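This briefing concerns the secondary-structure packing of the model shown below. Please read the points that follow alongside the sequence and coordinates.

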Amino acid sequence: MSNSAVKRPSFSPSRCRQDESTDSLAHEGVDGKRWTPIVQCPADFPLDVFEIAVSQLIHHPEYNSTLILRSDTILDSTTDFPQPIPALKGFRPVRNIHRRLLPRRPGRDSGLEQHCTLYTPDVGDDEQPVVLVLTPIVESGSSLPFYHPAVYHLAFRYIPAEDPALRIEVIPLPSTATDVDSRLYRTCLALLETLHRYGWGAVTNYKKRIHHDCIIPREAYQDLYLVMRERHKHLVNEWREVTDPLKHVFEDIGIATFLMLLWKESYRSLHTEPGDEPCRDLGTAPWKGWPRPPGGFLDLGCGNGLLTHILTMEGYDGHGIDVRARTSWSHYPDATRSHLHTEALDPTTLVGSSTGLQEHPYLREGVFIIANHADELTPWTPVLATLFSASGYLSIPCCAWAFDEKYERSRVPDYPVPYDSFVDSLNLGGDGSNSSSYSRYRIWLASLSLYCGWKVECESLRIPSTRNWAIIGRQRIAQSSEDLEQARQRVEEIVLKVRERGLFKARTPEGKAKDH
């Protein structure tokens, strides 16, 4: 039977009764602190999986609390066990991970360092851990942040037996309630359920459907995003559109953050000015000196203009175009308004039968094209990038459009897929069958990008949107002038065929283009 056909056992927790727990943890010596068993459940996975399961808890605390951004490992040691770590009767420490918890909102919650210590029974030579103890490191006179349970220590246990069990035990802070209605009990219950799920996932070799941070490291993105959020969160209260400001503001802050880091990495070799060295102090705005697209950026279908505004305010040169001006445009500062333009872009007019490529004021050599939910311009993005020798592009597709009609797999011809694993490399998510219309559309876009001569990279962006899959082109597949010319000829053929069909209709510009 395949792993996908195996059903995960239900999570069946039970509260630990204090008068029945005779095998609870105990400290060596007498320090007045006693362990309190809180909740347990059947262990539906073998002991050798326990360390794999708790490793997820150690390295990804953000999965258990929306208030935690991530954890950074300070030291991972099998020999160094500092004083705050408890000495447990019948167990010996075999590994200690000293980590730092980073809050999602640094202005509200403080960070916290913590020891994560694995123990094995002190009898025998088996190094297989059966206990994980979390120990917060709190300076005298300081208090624990809200996201951390009110405990001196919290332990995850695997109790081997004929019917093995998972249990959470704690040493609570004075006057901390542990009954079933208490916050501590609810926290322990949630942590136990997570451990149970991780253990079963390890047994069945669970694979994540979506992978984040394939291009930009998570730590770099999160650190810069926190700074950018503080710099631009005021836009929520200044929102002029009828749409949800929380979604749009923080989504565009996230996209801007990703682009700034992508450009820093992609154009490093072209950057000759000082300032692109790694900088830990983001408060000094080091991105003002980071590498950037040599031809600036062009935001196709920029809508409310927010992404163009954020990038412009952070010192990046570029323009946004859309078929109509939005209410927000007139409320941006002059530096942004002068970079927003009403235009109905018609790609079929950019290639002449005999006159060659038509000039465009913002589509120029070295430009980086942004297509965030650009609708009918989405498939044109890699085409335009090739025609105008762009330095790259980012496309976040939403509505499925082909060149001159809605995308339907039965009507739109496919482009060649180079190798069997190409589709797997696209990070499409879902159940892996890629049978949905949206998955098929993204496969078509990726194969189109290859056909246009671009190396395909994909990322699931960390933005508040269900349409967060992005396709990135920043390297040409061919390097020789002959191969580049062949790619260009293929693209020109696409444009001419669409023009011959006569079905593409650019939207009519609304408002006075000269005013923007």
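Gln222 is buried, with a relative accessible area of 5%; buried means under 20% relative accessible area, exposed over 50% and partly exposed in between, with a 1.4 Å probe and protein chains only. The model is predicted, so local features need pLDDT of at least 70 and side-chain atom pairs count only at pLDDT 80 or more, while totals for chains, interfaces and linings use all residues. Residues are numbered from 1 along each chain as its sequence is written, and side-chain values use heavy atoms, with hydrogens and water left out.

**Gln222 and helix 3**

- Gln222 lies in helix 3; helices (H or I, at least four residues) and strands (E, at least two) are DSSP runs, numbered from the N terminus.
- Leaving aside neighbours within four places in sequence, Gln222 is in contact with Leu69, Arg70 and Arg462, where contact means heavy atoms within 4.5 Å.

- Eight strands form an open sheet in the order 1-2-8-7-6-5-4-3, with antiparallel pairing; two strands pair if DSSP finds at least two bridges between them.
- Its edge strands, each pairing on one side only, are strand 1 (14-15) and strand 3 (68-77).
- Strand 1 and strand 2 (residues 36-42) run antiparallel and are joined by two bridges, with Ser14 opposite Gln40 in strand 2.
- Helix 3 (residues 218-232) packs on this sheet, touching strand 3 and strand 4 (91-103), and its direction makes about 135° with that of strand 3; axes are lines fitted to C-alpha atoms, for helices over the stretch in contact, and angles run from 0 to 180 degrees between N-to-C directions.

- An open sheet of seven strands has the order 11-10-9-14-15-17-16, and its pairing is mixed.
- Strand 11 (340-342) and strand 16 (457-460) are the edge strands, each pairing on one side only.
- Neighbouring strands of this sheet are turned by 20° against each other on average, direction ignored.
- Strand 9 (residues 297-300) pairs in the parallel sense with strand 10 (residues 318-322) over four bridges, and Asp299 stands opposite Gly320 in strand 10.
- Helix 4 packs on the sheet, touching strand 9, strand 14 (368-372), strand 15 (392-396), strand 16 and strand 17 (469-473), and its direction makes about 155° with that of strand 14.
- Helix 7 (residues 380-387) also packs on the sheet, touching strand 9, strand 14 and strand 15, and its direction makes about 170° with that of strand 14.

**Strand 14**

- Five of the five residues of strand 14 are buried, so this strand is largely enclosed by the rest of the structure.
- Phe368, Ile370 and Asn372 lie on one side of strand 14, and Ile369 and Ala371 on the other.
- Strand 14 pairs in the parallel sense with strand 9 over three bridges, and it runs parallel to strand 15, joined by five bridges.
- Ile369 is the bridge partner of Leu298 and also stands opposite Tyr393 in strand 15.

**Helix 4 against helix 5**

- Helix 4 (residues 245-266) and helix 5 (residues 306-313) pack at an angle of about 50°, with their axes 9 Å apart.
- That makes helix 4 oblique to helix 5, because angles under 35 degrees count as roughly parallel, over 145 as roughly antiparallel, 65 to 115 as roughly perpendicular and the rest as oblique.
- Among the residues in this contact are Leu259 and Trp263 in helix 4 and Leu307 and Ile310 in helix 5.
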